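Biologist: I would like to learn how to read a protein model step by step. Could we begin with the whole chain and then turn to single residues?

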Amino acid sequence: MFWTTLIGGLVVTAGTGMALGAALGLTGLVILYFFSNGATSLAVDAIWNVFNSFTLSAVPVFILLGEILLRSGVSERAYTAFSPLFRRVPGGLLHTNIAVCTLFGAVSGSSLSTAAAVGSVAYPEMAKRGYNKDMVVGSLAGGGTLGLLIPPSLSFLIYGALTETSIGRLFAAGIVPGLMVGSLFMAYLLVRCSRNPSLAPRDQSQASLLEIIIGFRQIWPILALIAAVIGSIIGGLATPTESAGLGVIFAIVLTSIWGDFTFRKLLDAVYHSALLFASVGFLVLGATILAKSVSILGVPQQILEAVADSGLGAYTVLLIVVLIYLLLGCFFDGLSLMIMTLPVVFPLLTGLGFDPIWIGVIITIVIEIGQVTPPVGLNLSVLTALTNNEVSLGRVAIATVPYWLIHLFAIILLSLFPALALFLPNLLF
């Protein structure tokens with residue numbers, strides 16, 4: 001009866017076109033009312049505890065920091081700085097796309113913002129130079145997913161707030177896997193363009209060391225700001241909220257003097273940050289109510305007992321969870337999917353002995369795949385729009401398949417060698 005109510009409630013509420021946060025919350029309230037003797041007041045207490053969490057307060061501040069830097073004109077400067085490094089490498093500016101997406105991953109914390117910011121600069125320039133358009137949009141869609149893995153990451157912030165896991169450890173755990181996935185992207189581009197040079201025209205001019213240094217002089221303040229914000233959290237010098245708040249102040253001063261940031265752009269940044277956090281916060285609210293209802297009824301424990309009785313190994317269960325995420329990723333955006341499933345998935349996987357920090361990295365990589373999976377893959381839609389429909393949604397989806405597979409390969413590597421994610425947090429903390 002419970003499972004019928006849970007699944008039926010979600011299907012009915014979501015099927016009406018209701019916002020996902022409302023669908024989750026109403027389903028949770030119905031379960032509390034009918035299966036917990038009308039104890040709906042427990043949902044209010046749960047909501048208060050989550051939104052009164054100091055950790056969650058870092059989310060809107062980091063969103064604002066990312067919005068400020070994205071509107072400061074740094075995307076053009078970053079592209080100019082990185083381009084000489086890959087001028088003579090097979091793939092050329094395709095590698096620049098990955099490198100700049102990695103930088104922006106440490107700026108925005110959002111996959112969608114990363115793909116949009118870098119794509120708006122890269123696509124027109126590369127199309128004009130004769131690059132294969134499918135390769136261009138594929139690299140941008142794949143590179144954009146690094147925004148969720150490279151700290152500061154909205155995925156890690158929300159995961160940490162909902163599971164009471166150390167944000168500093170999560171940020172440290174995302175660095176090596178993020179750089180590893182970016183390196184795998186570049187290796188793929190190198191091999192593909194070496195075999196078929198027509199995909200990416202080669203620039204035979206030699207970039208001098210002076211030219212490279214001059215290029216990086218344009219973005220060193222941003223690099224210093226990112227290093228200071230992330231370093232202060234990982235080093236234990238400041239909480240995530242304190243670090244993000246100081247980052248916002250320094251970013252406003254820095255980009256006003258050094259960039260082209262204006263008061264009007266600040267208002268736009270605040271407005272868009274408020275909208276984004278409102279949508280995320282509404283999801284968190286609904287998921288909190290649903291999590292309270294399923295935890296009171298002992299659903300995670302029942303699932304864990306059922307798994308133990310089934311005789312399935314821990315990694316078999318992990319494989320099933322990953323496959324479910326891949327399926328649901330076709331219909332939900334990444335953060336919504338994570339918030340919706342954590343109440344069941346987190347206690348299940350930790351109960352099987354997996355490290356909470358490692359789980360956060362794995363879940364983040366899996367929901368990154370959802371960002372490039374049709375029909376809901378948001379990175380695909382953004383890049384189709386950036387090309388003015390020159391590259392259709394179907395073509396973008398096909399072009400991102402190699403990056404999809406690389407993410408799966410990264411999950412396999414992290415499963416075989418958990419130290420890839422855990423070495424740095426264990427060393428620093």
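Modeller: The protein chain exposes about 17,800 Å², of which carbon and sulfur atoms supply 69%; accessible areas come from the Shrake-Rupley method with a 1.4 Å probe, and for residues only the protein chains shown count as cover. This is a predicted model, in which local features need pLDDT of at least 70 and side-chain atom pairs count only at pLDDT 80 or more, while totals for chains, interfaces and linings use all residues. Residues are numbered from 1 along each chain as its sequence is written, and side-chain values use heavy atoms, with hydrogens and water left out.

Biologist: How many helices and strands are there in the protein chain?

Modeller: Helices (H or I, at least four residues) and strands (E, at least two) are DSSP runs, numbered from the N terminus. The protein chain has 22 helices and zero strands.

Biologist: What share of the 429 residues is buried?

Modeller: Buried means under 20% relative accessible area, exposed over 50%, and partly exposed in between, with a 1.4 Å probe and protein chains only. Here, buried residues make up 54% of the 429 residues.

Biologist: In which helix is Val-401 found?

Modeller: Val-401 belongs to helix 21 (residues 401-416), and is partly exposed, with a relative accessible area of 40%.
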